[in-house]
Amino acid sequence: MKKLWYIGIALLLWQCQDIKYPEAPENLIDKETMIQVYTDAYLANASKNFNRTILLREQIALTEYIYKKYDIDSLQYEKSNAFYSADLDNYRDMFLQVQENINARFREVDSIVQQEEEEKKRYKDSMRELQKRRRDSLGLGIQDSTEIDTSIPVKTKDSLTKPPVKRTLQGEIAPKSKKDSGL
């Protein structure tokens with residue numbers, strides 16, 4: 001009786017080893033393109049979870065965008081996905097490549113963000129330097145705006161103030177002195 005159990009278990013295990021892999025479909029998406037499709041699909045899924053309201057408001061269909069981008073349809077994608085997922089070692093290697101692609105995109109975005117931050121910092125520094133030069137051209141010296149003493153009045157010529165004039169008996173206006181008259 002024990003021998004029958006061992007034979008039954010051996011036959012059962014032997015039957016389980018005969019896995020039939022699906023045949024490659026006619027319009028199989030090549031491996032490299034499929035890796036790119038998976039990468040874009042993961043990023044699209046992440047964007048759906050990040051801010052769904054924008055996607056709904058703008059009526060953006062990310063899966064349709066991916067299909068158009070790679071010129072595939074949903075049936076072709078499903079058949080290719082079934083084919084590649086049947087071989088788990090190959091499928092794992094594909095997704096390791098997808099992970100590397102996503103990490104490369106993150107590094108690219110991080111470098112762009114870092115460049116923008118450096119540009120903002122350079123802009124702020126140049127504006128600060130320009131303000132210092134303007135203050136220096138006014139004779140205030142190169143000081144930070146927090147160090148300027150505003151209690152000391154600065155005398156400046158007012159272009160709107162007219163020189164004092166003297167009225168004559170005839171109602172004419174004449175300069176007060178010969179120096180102002182140009183004589």
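This is a predicted model: local features need pLDDT of at least 70, side-chain atom pairs count only at pLDDT 80 or more; totals for chains, interfaces and linings use all residues.

Residues are numbered from 1 along each chain as its sequence is written, and side-chain values use heavy atoms, with hydrogens and water left out.

The protein holds seven helices and two strands, which follow one another from the N terminus as α-α-α-α-α-α-β-β-α; helices (H or I, at least four residues) and strands (E, at least two) are DSSP runs, numbered from the N terminus. Some values for the protein are set out here.

| Property | Value |
|---|---|
| Buried share of the 183 residues | 14% |
| Share of contacts with a separation of 6 or more that join residues 24 or more positions apart | 62% |

Buried means under 20% relative accessible area, exposed over 50%, and partly exposed in between, with a 1.4 Å probe and protein chains only. Contact means heavy atoms within 4.5 Å, and accessible areas come from the Shrake-Rupley method with a 1.4 Å probe, where for residues only the protein chains shown count as cover.

W5 lies in helix α1, residues 2-16, and counts as exposed because its relative accessibility is 56%.

Helix α5 (residues 74-86) has among its residues the buried Q76, Y77, S80, N81 and Y84. These cover an arc of only 130° around the axis (taken from the directions from the helix axis to the C-beta atoms), which puts them on the same side of α5.
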